[in-house]
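Visitor: I have a structure to read and would like a guided tour. Where do we begin?

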Amino acid sequence: MKVTAIGTGYVGLVTGACLAEMGNHVVCLDVNPEKIRILNEGQIPIHEPGLLDIVRRNVAAGRLQFTTDIDRAVNHGTIMFIGVGTPPDEDGSADLQYVLAAARSIGQRMTDYKVIVDKSTVPVGTADRVRAAVEEELAKRGSNLNFSVVSNPEFLKEGAAVEDFMKPDRIIVGSDDEQATLFMRALYSPFTRNHDRMIVMDLRSAEFTKYAANAMLATRISFMNEMALLAEKVGADIELVRRGIGSDPRIGYSFLYAGAGYGGSCFPKDVKALIRAAEDEGIPLRVLTAVEQANERQKLLLVDKVVSRFGSDLSGRHFALWGLAFKPNTDDMREAPALVIVQELLRRGATLAAYDPVAMPEAQRLLGDHGGLQLCPSAEAALEGADALLLITEWKEFRTPDFDGIKRSLKQPVVFDGRNQWEPALMKTLGFEHFAIGRGLSL
Ligand code: NAD
Ligand code: UDX
């Protein structure tokens, strides 16, 4: 089938590349010429495991192309995915300007039937606004071309985006139109061959499903983070509690890890947008409001622990930070807990040396100007002469590091384990002062 993906970010590029992998002919459009230049040079502008191979293979096969040429992109696809950003605006609600601009650019140029697919995370009712925007542009041209609007929210996780897209738990399709549903069934049939994972529903329920899913997952994390605070006080170990409750199939093991707080481009903004949208309807989302507040607080927990150990004035102190991306296997630092931690430690007078396996260019872009922060070429280099090590992102390479080396490089063997990667008993045996999250027994 002929597909156009508008927006070549984490969602648009993965969608375009994975659909090309199944034999579709895909054109990816972006308004950012730098991204398109990188893609046309055989590279990808983001770090996403497995993506580069798929992109190169499908470009070579002539099934995947990248362009800034809107006419060409609109002309190409029968199925037009809109996968542009929906960042929060000043009051927290989703800013739809990019989605609606994409819709308008389709309406201005289309010359035949299109299935317009909202892939971005958008509030309930957006499909109607997309339809209205396209109709308005068609009317300006005196055209009455037929088109459909479908909601197809994306559930991929960064760092596992290709795998999530290729083997989806479910594919949600919101549609009130038989023909468009048929197109979506055909497009996704290679992904649902063994087990029909497509759930078709009305447009509004599909749009809502995406927000409800992210809100539920964020809730689990904030819940566990609060349980961890309490566990620490009462001398229980949240890691054992996690296993204990996860074994109940009604609860399950996923997304129960206490840590330095959730970040990323989705949970924080989608939780905010849902709270805001509900307020407009006169429905205060009390649970979700608490989820958000708890997370804001949680991002500062490691700093609280540093302050308890070293005092509130940190001038003259120097700390090593491992991990800056909001989670492992990505270079994305949007809403990363590391950003809050860096800012707060610097504000208290500390100097910092940080390392991340892939997010260093992004860290340079976002934090490069801070005088007190040194971005280091290796994990070992960051340790040199530090008063303590803070583990913020649980990259695999930090799981079983050279503990002797850490001890030799630090001024004193103090570690703050923001992702519960190291067993308290082991750390004690190795002679570390080890501060973790919710591991009361280690106190
Ligand atoms: P992103 O910021 O990485 O990429 C968006 C891209 O769209 C940018 O490259 C931008 O230049 C481009 N763009 C903006 N306006 C355009 C236009 N009019 N025409 C062409 N290109 C345009 O965003 P993302 O992380 O891929 O997220 C996209 C959407 O998908 C958001 O709504 C997000 O909430 C949702 N989502 C993201 C994830 C994720 O893990 N990142 C997962 C599921 C859903
Ligand atoms: C999320 C959703 O999982 C995905 O379905 C949606 O499409 C986009 O948003 P993503 O933001 O890429 O994906 O990463 P995710 O793995 O969900 O992690 C989000 C944040 O939660 C990270 O900061 C992570 O460290 C944190 N997290 C996750 C926890 O603190 N504990 C957990 O148990 C799981």
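Predicted model: local features only at pLDDT ≥ 70, side-chain atom pairs only at ≥ 80, totals over all residues.

Visitor: Into which domains is the protein chain divided?

Guide: Read the bounds, then the spacing. Domain 1 covers 2–201, and domain 2 covers 297–442. Their C-alpha centres lie 38 Å apart.

Visitor: How many residues does each domain give to the contact?

Guide: Six residues come from domain 1 and seven residues from domain 2. On the side of domain 1 that touches domain 2, three are nonpolar, two polar and one charged.

Visitor: How is the size of an interface often given?

Guide: Often as the accessible area lost when the parts come together. Here we stay with residue counts.

Visitor: What does UniProt list for residues 320–424?

Guide: The unreviewed UniProt entry gives "domain: UDP-glucose/GDP-mannose dehydrogenase C-terminal" for that span.

Visitor: Now the core. Which residues have the most contacts inside the largest nonpolar core?

Guide: I116, L321, L389 and L390. The core itself has 127 residues. Helix α9 gives the most to this core, with ten residues. Domain 1 (2–201) and domain 2 (297–442) each supply at least three residues to it.

Visitor: Pick one of those residues. What does L389 touch?

Guide: Set aside residues up to four places away in sequence. L389 then touches A320, W322, L383, I406, L410 and V415.

Visitor: On to the ligands. Which residues come nearest to ligand 1?

Guide: List the shell, then ask which elements build it. Of the 26 residues around ligand 1, G7, G9, V11, S120 and T121 come nearest. By class, the shell around ligand 1 holds eleven nonpolar, eleven polar and four charged residues.

Visitor: And which come nearest to ligand 2?

Guide: E158, Y257, Y262, G264 and C266, out of 19 residues around ligand 2. Helix α9 (residues 203–234) provides the largest share of that shell, three residues. The classes here are eleven nonpolar, four polar and four charged.

Visitor: Where does UniProt place the feature "binding site"?

Guide: The unreviewed entry names F155, L156, K157, E158, K210, F255, L256, Y257, A258, G259, G263 and K327. These positions span 173 residues in sequence, and the farthest two C-alpha atoms are 23.9 Å apart, so they do not all gather at one spot.

Visitor: Let me compare two of them. Where is the place of F255?

Guide: F255 sits in the loop between α10 (238–246) and α11 (267–280). A258 lies in the loop between α10 and α11 too.

Visitor: Is A258 buried or exposed?

Guide: Count C-beta neighbours. A258 has 29 inside 10 Å, so it counts as buried, because the cut-off for buried is 20 or more. F255 has 15 other C-beta atoms within 10 Å and is therefore partly exposed.

Visitor: What do F255 and A258 touch?

Guide: Again, leave out neighbours within four places in sequence. F255 touches L217, R220 and I221. A258 is in contact with M224, N225, A228, I238, N420, I437 and G438.

Notes:
Residues numbered from 1 in each chain as written. Chains lettered and ligands numbered in written order. UniProt positions renumbered as here; feature names shortened; annotations may be inferred. Near = placed C-beta within 6 Å. Helix = DSSP H or I, 4+ residues; strand = E, 2+ residues; numbered from the N terminus. Nonpolar A, V, L, I, M, F, W, Y, C, P; charged D, E, K, R; others polar. Core = buried A, V, L, I, M, F, W, Y, C linked by C-beta atoms within 7 Å. Buried ≥ 20, exposed ≤ 12 C-beta atoms within 10 Å, placed from the backbone. Domains from an automatic or database assignment. Contact = placed C-beta atoms within 7 Å.
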